[in-house]
Amino acid sequence: MLAPVHEVPAFISGPKRHLINGQWVDAASGRQIDVVNPATGEVISQIAAGDATDIDRAVAAARRAFEGEWSRWTPHQRRKLLLKVHDVVLDNFEELATIETLDMGAPLQRTRGLAEWTSQVLQFFASQCDVATASTPPNSLPGNFLTLKHLAPVGVVGGVIPWNGPLIGLWWIFGPALATGCTAVLKPAEDASLSVLRIAELLTEAGVPDGVINVVTGYGAEAGQALSEHRDVDRLAFTGSVGTARSIVRASATNFKRLQLELGGKSPDIVFADADLDKAVPGAAMGVYTNSGQVCVAGSRILVQRPIYDEFVARIGEFTKTVRVGDGLDPNTQLGPLINQRQLDRVQQYIQIGGTEGAELVTGGNRLDHLGPGYFLEPTIFADATNTMTIAREEIFGPVASVIPFDDVEDALRIANDTEYGLAGGVWTRDLSTAHNVSRGIQAGTIWVNCYGVLDPSIGFGGYKMSGYGWKGAKEHVESYLYPKAVYINLD
Ligand code: NAD
């Protein structure tokens, strides 16, 4: 396949380093990790393989910064800084979008489209710099007491994020840290760190003081584990798999650090017989396929009411065949490759299991060999799936949907909630009471009605059950970077 013509940012080439205390430094061990473009299988760069020594240095720098000059910055100064960061990042967004596409495969259509969202998220966090206001509640103490309640920044915040969207994921940590006066050490995923490293350069350019934001790249079992065990990290925000979350929860016991966990999902997207299928078919399909299915909120169990089941399956099958898969640098591409060979093998294994367990493969299922050595897979639909099948129970993290029939609202909710996850859900109907009853009945942190996947940072989203805890976005997110402190003043 001919590579699409597109300018490759100069930033990509050459080995990358950690950002610690405002300096770009090699891994203490000197080791590096190859960066592979998932659309071609080619090595395009290297990142530093950080370990506990690098994490120690970064945490120490973050601690010094937290206790230094940065602690005296006023809300107005932090707001100005966040707005400056906004401008610098937006001015360089075309480069950032291209880096993200080359690094993790998402098409330019998607990565470029994140500019508006990035603008919103940065403006939102800039608007939150005053949230740590003190209050003076009345008290019932004998004598003459003044009581104050402050919200103080928690301190050094660790972040561990996955490869499926670092260009978005890092702002959920850097945004509230900068808004509240915390400092941060971020460990991006070994499969996709480049956009984070370029943004770290831009943060320095925008005037973020040394040590306030640090980035250590490397493997989860080394750098990630060291960060989650570190006794001088006060809070850790994690997005990724349930298995890793378990080891992070255990590691957090070293100092009882506060946690925020956003994990997997097996979200139900429920289509009622009265739904507008012109919207529900593409909406539900892209609710699974977006980012090649590598999205935590993917609506991968599509529940369809029996009277329209056959029609829906036929239409989603036809729609699926129109989705353009290819190199993300091609502006016409809608779905890029999966992140790596391991993920491709894993998803193909699920497709095989789906067939073996008796689901009907409507369309898809094959690796797209004609696109070259990249990790391309056809978007895939299984019909006649039941909720007990492996493909309906486990998070596949690929462009694979299971279409499951249901009878009525009660049946839909029974199936929807028969999962260990609780991240998101969708409902497609023209009936107001059905919309309300179903959105109230689905046990998940985020519900979409007649749409799927939209997200406003000032409203946010969160998980329930095994999908984790801790709200992302809105005031709750900012407040979780603060801790309450009461002051009792005896005025006599
Ligand atoms: P993962 O949980 O292994 O990796 C996520 C992040 O955690 C990476 O930065 C990784 O380096 C780090 N990590 C790994 N082991 C660690 C440890 N012991 N201590 C601290 N950090 C550690 O997830 P993955 O391998 O990237 O993907 C596997 C599965 O996770 C996916 O198939 C999917 O089911 C799920 N996932 C969910 C999301 C989401 O947004 N909810 C994102 C990515 C992956």
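**Notebook: the ligand site**

I looked up what lies around the ligand and found 27 residues surrounding it, the closest being Trp163, Lys187, Glu190, Ser241 and Glu395, where a residue is near if one of its heavy atoms lies within 4 Å of the molecule. I note that this is a predicted model, in which local features need pLDDT of at least 70 and side-chain atom pairs count only at pLDDT 80 or more, while totals for chains, interfaces and linings use all residues. Residues are numbered from 1 along each chain as its sequence is written, and side-chain values use heavy atoms, with hydrogens and water left out.

Next I checked polar contacts, meaning pairs of N or O atoms within 3.5 Å. A ligand oxygen lies 2.4 Å from a polar side-chain atom of Glu395, another entry gives 2.5 Å between a ligand oxygen and a side-chain N or O atom of Trp163, and for a polar side-chain atom of Lys187 the distance to a ligand oxygen is 2.7 Å. On its own the ligand has 810 Å² of accessible area, of which the protein covers 88% (Shrake-Rupley method, 1.4 Å probe).

I then sorted the shell by class and recorded 11 nonpolar, 11 polar and 5 charged residues, with Gly counted as polar.

Finally, I asked where the ligand lies relative to the domains. It lies between domain 1 (10-263 + 467-487) and domain 2 (268-455), because both give residues to its shell; the bounds come from an automatic or database domain assignment.

Terms used. Polar contact = N/O pair within 3.5 Å; in protein donor to acceptor, adjacent residues only side chain to side chain.
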